[in-house]
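Dear colleague,

I am passing on the structure we spoke of, and below it I have set down what was found in it. Please read the notes with the structure open beside you.

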Amino acid sequence: MKPWLALLPLCLAACSSLPTPAERRQLAETLAAQHAWQALDIAGERLTLRAWLPAKAAAAEELTIYIEGDGLAWLSSSQPSADPTPREPLALRLALAQPAGNAAYLARPCQYVSSPGCRQADWTEGRFAADLVAATNLAVDRLKQRFSARRLTLVGYSGGAAIAALVAARRDDVGRLVSVAGNLDHRAWTTLQRISPLAGSLNPVDAAGRLAAIPQRHFVGGKDRIVPAAVAESYVRSGAAKPASITVIEDFDHHCCWAARWPELWRMR
């Protein structure tokens with residue numbers, strides 16, 4: 001069995017009308033422009049990450065950074081995508097819906113921008129690899145500097161929650177960790193979905209000692225069959241999240257209706 005199986009429903013429902021990479025990029029650009037946000041490409045040693053942030057953001061003590069999900073990792077049961085840019089940039093919609101305070105959005109490696117260093121493993125079995133966590137951590141540094149912030153809240157959607165947790169484990173300036181439909185324990189996830197392990201990927205539960213002091217809230221959809229509540233429960237039981245709480249929104253699934261309700265949920269964070 002392969003790790004694409006649990007993600008297959010995300011693709012098969014719309015593969016016949018799959019937007020092109022250019023159309024997927026245009027959707028995010030349009031959403032950002034509607035809120036007067038601008039793109040920022042953050043170059044690292046191997047990869048460049050795309051961020052969006054307000055064009056006229058004022059400096060502030062606190063900054064919330066939203067990290068995107070895994071995106072379009074697979075085109076079919078046997079064919080990985082050549083471009084993992086998401087069909088629906090849900091984490092960007094969450095960032096744009098934040099009702100107060102400074103916010104920025106950070107895509108995952110190889111989404112929206114094509115780096116010469118991109119490898120297929122970056123969005124398949126190695127999607128949470130150490131070098132990708134390091135690249136994201138560097139991008140978080142740059143965004144923090146851009147806003148002159150001192151404290152961070154990291155919000156991760158789906159697979160972006162694993163990256164957010166792994167980045168938080170490397171830092172001492174994260175005051176809060178929030179996940180939305182988050183894959184917080186990929187070993188539990190692959191076991192639950194009966195798929196092969198994510199070889200080469202780090203797992204947040206292995207960073208227990210460095211995450212235990214960070215206040216956390218993890219939002220889970222009661223109808224989510226992609227990343228069910230059992231994954232967040234496994235993470236919390238591991239001891240990696242002592243000051244954590246899990247909030248199950250019964251009528252939500254992996255996609256619906258997080259962005260529409262985000263201003264309300266944000267206040268619960």
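Predicted model: local features only at pLDDT ≥ 70, side-chain atom pairs only at ≥ 80, totals over all residues.

Is L63 buried or exposed? Its relative accessibility comes to 1%, and because buried means under 20%, L63 counts as buried.

As to what surrounds this side chain, once the neighbours within four places in sequence are set aside, L63 is in contact with N102, A103 and A104, with L143, K144, F147 and A149, and also with R151, L152 and T153. L53, which is 10 residues from L63 in sequence, is 11 Å from L63 in space, taken from C-alpha to C-alpha.

Turning to the strand pairing, strand β2 spans residues 48–54 and is mostly covered, with six of its seven residues buried. Which strands pair with β2? Strand β1, made up of residues 37–43, pairs with β2 in the antiparallel sense over seven bridges, and a hairpin of four residues joins β1 to β2; within this pairing, W52 in β2 is the bridge partner of A39. Strand β4, residues 102–106, also pairs with β2 in the antiparallel sense, here over two bridges, and in this case A51 stands opposite L106 of β4.

With best wishes

Note on methods:
Residues numbered from 1 in each chain as written. Heavy atoms only, no water. Buried < 20%, exposed > 50% of the residue type's maximum accessible area, 1.4 Å probe, protein only. Contact = heavy atoms within 4.5 Å. Pairing = 2+ DSSP bridges.
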